[in-house]
Amino acid sequence: SSTTISISTTKGQKQDPNMTAPKTSRIFELAKEKKMLTGLIVTGSVTGTTAKILMLDDYLKKDDETLALDYVKTDLNILIGGGSKYFNLRYDSKNLLNVFKGRSYKIVNKLSGLGNIGTSKAVALIEKDGIYRASDRNDFLTKATLNSIRAMSDPDGFFIIIDEIGR
């Protein structure tokens, strides 16, 4: 059986500054309750709209660096995409990649490194922002997806979301 989730966002829509994100059970939390490994792969920044909606609480009132800090608090197994500057070039001088490294995550910062993730705990932030142009992505999604699936092979299964920003 398979499940498809569709999320639509509209560019240019103004957000009400007094609005808060709805409190819901995140799909990743439900997967963790089932003892599944979880992963997120995006071609944009991992702090982008889709990632925010699916992963993080109260995302409407947070900036990208605060959202990056929220990832440290999650139990996500694999995180792949862009947005490295929100993790290691921060205004508060914290290097969140070192925090992940201290928690035994493999850190990858180049597309070539996606070929050998080899562990079920990895953070791969390939670009400072996102990998927006399809022509610049080479085989990013293919490598990221196949290697994440291999790395997350587990008897309890895994749940992974792959989000391609089309440009």
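**Sheet.** I started with the strands and found an open sheet of five, in the order β3-β4-β2-β1-β5, with parallel pairing. I noted that β3 (106-108) and β5 (158-163) stand at the edges with a single partner strand each, so one side of each has no neighbour in the sheet. Neighbouring strands are turned by 5 degrees against each other on average, direction ignored. Strands here are DSSP runs of E, at least two residues, and helices are runs of H or I, at least four, numbered from the N terminus. Two strands pair if DSSP finds at least two bridges between them.

**Ground rules.** This is a predicted model, in which local features need pLDDT of at least 70 and side-chain atom pairs count only at pLDDT 80 or more, while totals for chains, interfaces and linings use all residues. Residues are numbered from 1 along each chain as its sequence is written, and side-chain values use heavy atoms, with hydrogens and water left out.

**β2 and β4.** Glycine 82 has glutamate 127 of β4 as its bridge partner.

**Helix α6.** I then checked α6 (residues 140-151). This helix lies across β1 (37-45), β2, β4 and β5, and runs at about 170 degrees to β1. Axes are lines fitted to C-alpha atoms, for helices over the stretch in contact; angles run from 0 to 180 degrees between N-to-C directions. Contact means heavy atoms within 4.5 Å.

**Serine 45.** I placed serine 45 in strand β1. Serine 45 is buried, at 10% relative accessible area. Buried means under 20%, exposed over 50%, partly exposed in between (1.4 Å probe, protein chains only). The serine 45 side chain makes a polar contact with the side chain of threonine 47 at 2.8 Å. Such a contact is a pair of N or O atoms within 3.5 Å; within protein, one must be able to donate a hydrogen and the other to accept it, and residues adjacent in sequence count only if both atoms are side-chain atoms.

**Positive phi.** Most residues other than glycine have a negative phi. I flagged serine 93, at about 65 degrees, in the loop between α4 and α5. Serine 93 is exposed, at 66% relative accessible area. I also flagged serine 104, with a positive phi of about 70 degrees, in the loop between α5 and β3. Serine 104 is exposed too, at 57%.
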